[in-house]
Amino acid sequence: WIKPQPPQVRTRKRVCIIGSGPAGLAVAQQLNRAGHFVQIIERADRGGGLLMYGIPSMKLSKTEKVGRRLQLLKDEGIEFKFNTEVGKDVTMAELCTQNDAVILATGATMWRDMRQTEGRHLKNIVQAMDFLAIIQKTNLDAETGQPQQTAGKGQPFDVHGRRIVVIGGGDTAVDCVATAVRLGARSVIQFSRRDEAPKQRPSHTPWPCWADTYRVDYAHSEVIELHGVDPREYLVSTKSFKPSQEDGSKVGSVIATRSNSSEASGIVEYPADLVILAMGFTGPDKAVDPTSMLQRDQHSNFKAAYGEYRAEGSPWKNLFACGDCRRGASLVVTAIAEGRDCASRVDTFLMGDTSLPRAAPLAANPTFYQLPKKGESANPPGMVQRFQRKRQQKQDVSEAFERGFVAEPPIVEEPEAELPAASSSSAAAVSAASPAFMRKVSEFAARASEPAAAAVAAVSATGVPTWMSVGLGGLAVINVALAAAVIVLARGRRS
């Protein structure tokens, strides 16, 4: 039911986007609908980035979801250029010169490794993204009838009947566990450095933070169903990789220490025919910037101010960065939000103004409050400041409310309003008035209420509803009383 929406008018501005992941596709759609000519450069043979090759098909359909969205973008006029790597087939300088704006949306592709671990050189020790990408590409090539090619990354993995060890505890590791068990692995074990999470919400992750509690993910439930045991091993630290007795060039087992082990030494040997490293990512790789011209932050991400996205340290003023390559590995929805927000800033850069919405403007979204960096002033320009509130006691919420089923919002104590100086002095004068003064006010109000009561009777005689006449009369009495108090107070001050 979603139809292509090509722009009615073109601006003759050219924009090049490096990377076709969630952030790249989001910024491309927005800028194309603003009327700019948009080209996406992707080094893989298909678009989508981790949507295509990083997330398994059982979680995200490639043909029905990702492929259909890519076709919609093509029908709207966006140009895709696959099998093209920036830094190898084309340089950053060429792109910035040939286009009015260039946007880095390469994602966080630099994975963590265990290069200092003994036996890391052995075969059948692979990175999680290589494992998932090759498996996904093999399946997609088979579905579309294309020849089985892995773009130089090796042959498809033979997992059936093998013993698999996955090192890591994040979502990528879970996807590797699910992929291995669905391909017929004989056993699957997942290492985690942490202890088993508690059943109840701990104090260090209060609501509305994501609760750090024990969960059984889809991959774990599948392994329990097929193998009868939870694949997770807690408090495990890998020490070395041991070669196989049949083939000394391949891994045969993993030597690790486990804090809760029954062994006296705590050292445990896990048999393994394939080891998958899924320990997270440390920012974008150096392919697009081999000479390190662009500045990077303390986490090795491209340095660009949030909400502005202009690449810092760049010799080109038309270079921007958004998504995981700027903020680090995060969620798909976060990358999409940054892509849409970056599109608004780029459109403003190209045209001087924009009609594209801001997805996460700093001035209107305190959720993205950022603390000042070291060395900066405590109140730099453009920094969002939190509202001053009274500190409130921790309030427990039900599980139903946490999951969004019941509306029982927490009680928020509003700050007490401070009266102006003039009002404070007036209130003090009234409270300090003598009983004689208050008696005069009462007598004056009683005399003034008689004409007000007569006015109420006159209004009632005209056929006006009783409730209206009573309300009008009450207002008249109040106004007269207030006026009397003010007059008496003024006379008292003059005397």
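## Before we start

This is a predicted model, so to speak of local features we need pLDDT of at least 70, side-chain atom pairs count only at pLDDT 80 or more, and totals for chains, interfaces and linings use all residues. Residues are numbered from 1 along each chain as its sequence is written, and side-chain values use heavy atoms, with hydrogens and water left out.

## The sheet

Start with the strands. 5 of them make an open sheet, and reading across you meet β5-β12-β6-β7-β8, with parallel pairing. Each strand here is a DSSP run of E with at least two residues, a helix is a run of H or I with at least four, and both are numbered from the N terminus. Two strands count as paired if DSSP finds at least two bridges between them.

Which strands stand at the edges? They are β5 (125-127) and β8 (232-233); each has a single partner strand, so one side of each is left without a neighbour in the sheet. The partner of β8 is β7 (residues 187-191), and the two run parallel with 2 bridges between them.

## Charged pairs

Side chains of opposite charge can pair when their charged atoms come close. In a salt bridge, a side-chain nitrogen of Lys or Arg is within 4 Å of a carboxyl oxygen of Asp or Glu. How many turn up in the whole structure? The search finds 22 salt bridges.

Take D113. Its side chain meets R115 at 3.5 Å, N to O, and R120 at 2.8 Å. How accessible are these residues? The scale is relative accessible area: buried is under 20%, exposed is over 50%, and partly exposed is in between (1.4 Å probe, protein chains only). R115 is exposed at 63%, D113 is partly exposed at 23%, and R120 is buried at 16%.

There is also a network: salt bridges with shared partners join D45, R46, K137 and D141. Within it, the closest N and O atoms of D45 and R46 are 3.6 Å apart. D45 is partly exposed at 26%, while R46 is buried at 12%.

Most residues other than glycine have a negative phi, and most peptide bonds are trans. Here are some exceptions to look up. The bond from W207 to P208 is cis, with omega near 10 degrees, and P208 sits in the loop between β7 and α7 (218-227).

L235 is not a glycine, yet its phi is positive, about 55 degrees. This residue lies in the loop between β8 and β9 (236-243) and is partly exposed at 23%. Y309 also has a positive phi, near 70 degrees. Is Y309 buried or exposed? Y309 is buried, with a relative accessible area of 0%, and you'll find Y309 in the loop between β12 and β13 (319-321).
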